[in-house]
Amino acid sequence: MALRISKATLPAELRENMIAQIGAVPEPVEVAWHNPPVAQASLQFGHQVGEWKTVDERLKTFAHMAVAAQIGCSWCLDINYFMAQNKQLDPIKASQVPRWRESDVFDPLEREVLEYAEAMTNTPTTVTDELAASLLQQLGPAALVELTALIGFANFASRVNTAHGIKSQGYAESCGIPLAERIGKTSLISK
């Protein structure tokens, strides 16, 4: 599948800043730049989500990756796996998120967070009272609010990217450990 909307030309300063930050201009930004207020709002909200610090980075990254794997957003999976490496998260665990149910590398809390991310992503959502209560007890109310909002943002980003036909840009290729494929799905990291 090709991009459904062509890439727009970004302002030079924005392009240079993105290349300096992550080594390339993200295609979601190039596509969204056809409507700069939408692109800027998305970038700003994504930046703000990244500034939230109540929930452990590994849990947030794994939750975002679980959403991306379920929706089929290879770009989100790709960039989050790359970012997990930059945050010094366990690369083995990060690589196994797409097949977390079959993997034995996750601790019980990580498994519940991954289950919560998938349950929030289902349409309609399938979050149970028991799962929410367990996470509330383990994380506390502020962290559960943050985790829930992050998963909502991950759904927004993943759904927008897949609707626009945006695919992996190859960020994960530099990570050394291959990203596992989701059981029953075709490769999410291929272009």
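**Salt bridges across the chain**

Glu110 is buried, with a relative accessible area of 1%, where buried means under 20% relative accessible area, exposed over 50% and partly exposed in between (1.4 Å probe, protein chains only). This is a predicted model, in which local features need pLDDT of at least 70 and side-chain atom pairs count only at pLDDT 80 or more, while totals for chains, interfaces and linings use all residues. Residues are numbered from 1 along each chain as its sequence is written, and side-chain values use heavy atoms, with hydrogens and water left out.

Glu110 forms a salt bridge with Arg58, their closest N and O atoms being 2.6 Å apart; the term requires a side-chain nitrogen of Lys or Arg within 4 Å of a carboxyl oxygen of Asp or Glu. Arg58 lies in helix H4 and Glu110 in helix H7, so this pair ties together parts that are 52 residues apart in sequence. Helices (H or I, at least four residues) are DSSP runs, numbered from the N terminus. Arg58 itself is partly exposed, with a relative accessible area of 22%.

Helix H4 also holds Lys60, whose partner Glu146 lies in helix H9, 86 residues apart. Through shared partners, salt bridges join Lys53, Glu57, Lys60, Lys87 and Glu146 into one network.

A further salt bridge pairs Glu27 with Lys7 (3.1 Å, N to O). Glu27 is buried at 9% relative accessible area, whereas Lys7 is partly exposed at 41%. By this rule, the count comes to 12 salt bridges.

Note on methods. Helix = DSSP H or I, 4+ residues; strand = E, 2+ residues; numbered from the N terminus.
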